[in-house]
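Let's take a friendly walk through the inside of this structure. Have the sequence and the 3D view ready as you read.

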2 protein chains.
Amino acid sequence: MTRELTVGEVAKRSGVAVSALHFYETRGLIRSHRTEGNQRRYSRDVLRRVAILKVAQDVGISLADIADAFASLPDGRTPTREDWTRLSTAWKADLDHRIRQLQKLRDGLGDCIGCGCMSITACPLRNREDRLAAKGPGAHRLVVQ
Amino acid sequence: MTRELTVGEVAKRSGVAVSALHFYETRGLIRSHRTEGNQRRYSRDVLRRVAILKVAQDVGISLADIADAFASLPDGRTPTREDWTRLSTAWKADLDHRIRQLQKLRDGLGDCIGCGCMSITACPLRNREDRLAAKGPGAHRLVVQ
DNA sequence: CCTTGACCTCAAGTTAAGTTGAGGTTGTAG
DNA sequence: CTACAACCTCAACTTAACTTGAGGTCAAGG
């Protein structure tokens, strides 16, 4: 019952495609070992990894950043409660930050988009507009759902 | 002083690259008219459009969706306060929704990632895990910063 | 007039996060 | 022992949102 899982089983249980699991593996997000016949076998905690991966991804964290966070998890053994807690703490700060940003935006929009305040210097949107000039052309922005 | 703007000026003021402005134009997000010598000229309200575009993009709204929203803006004339307010209202609902989702996630993570509750059926993460199987392989997810 | 910087178009390249397909192997059920 | 589903690898394709480059035009200063 606490048998190891095949890719197909993990795919079914976690809701991601087999090809996505292969891909995550190349990115170091999950690991597996192989049977005699070269087929992947996963230990059960891969399910938790994938679940957390998806949740993080949904809130706009890139796979690269998730990989960085996962790097703090132990390599050889199944993560303990403490290991996950460390991650949780890191995520929580990030989520708090994102929530604050969204709230700022929502409130800024409520006050500003329709208010005609583009002409006054106090408007967040207007500020944004002229301040960002410094950033100039840069790298691609990420994409998230 | 209320002269029209060149691409370079808009780029500098709005903090996006000239190439990005060209690109937005092909996507119908902004418009310009041409001088005798075929150079673009923008009316001042393009600055507001771009500012809002970037803000919306930052919170994870795709250009396609932004274009949809912008489609409700008047074609010929400069948008009025009412026009922007309509947009603002649409954004606000979306932002509220996103904020609620993030909060749910943050709280869920706080309770769940480190709690070892993967084994009990009440855990949001665990539920997510097995419920999503229905979705199966699907379209790409978007990417946003 | 000529140079120099800003513009123009169009095609091709880039990154993220996967998917799709071809060609071949494994494992299990009948 | 033979189907047939599930697995394997590797290369190529996809989408979003741009950037980069090539090859050529426009405009303002000296």
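## A tyrosine and its ring partner

Y24(A) has a relative accessible area of 5%, so this residue is buried, the cut-off being under 20%. Please keep in mind that the model is predicted.

How many aromatic pairs does the structure hold over all chains? There are two. In one of them, the ring centres of F23(A) and Y24(A) lie 6.3 Å apart; because their planes meet at 55 degrees, the pair is tilted. The rings of F23(B) and Y24(B) also form a tilted pair, with centres 6.3 Å apart and planes at 55 degrees. On chain B, F23(B) counts as partly exposed at 36% relative accessibility, and Y24(B) counts as buried at 5%.

## The nonpolar core

Both tyrosines turn up again in the largest nonpolar core, which has 63 residues: L21(A), Y24(A), I66(A), L21(B), Y24(B) and I66(B) touch the most other members. From chain B, the core draws at least three residues from each of domain 1 (1-73) and domain 2 (80-134).

Beyond its neighbours within four places in sequence, I66(A) contacts L29(A), L53(A), A56(A), Q57(A), I61(A) and W91(A).

## One side of a helix

On chain B, I66(B) sits in helix 4 (residues 63-70), where L63(B), A67(B), A69(B) and F70(B) are buried along with I66(B). These residues span an arc of only 160 degrees around the axis, so they lie on the same side of helix 4 of chain B. In an α-helix there are 3.6 residues a turn, so residues three or four places apart point the same way.

Technical notes
Residues are numbered from 1 along each chain as its sequence is written. Chains are lettered from A and ligands numbered from 1 in the order in which they are written. This is a predicted model: local features need pLDDT of at least 70, side-chain atom pairs count only at pLDDT 80 or more; totals for chains, interfaces and linings use all residues. Side-chain values use heavy atoms; hydrogens and water are left out. A nonpolar core is a set of buried Ala, Val, Leu, Ile, Met, Phe, Trp, Tyr and Cys residues joined through side-chain atoms within 4.5 Å. Buried means under 20% relative accessible area, exposed over 50%, partly exposed in between (1.4 Å probe, protein chains only). Domain bounds come from an automatic or database domain assignment. Contact means heavy atoms within 4.5 Å. Helices (H or I, at least four residues) and strands (E, at least two) are DSSP runs, numbered from the N terminus. The arc is that of the directions from the helix axis to the C-beta atoms. Rings of Phe, Tyr and Trp (its six-membered ring) pair if their centres lie within 6.5 Å; planes under 30 degrees apart count as stacked, over 60 as edge-to-face and the rest as tilted.
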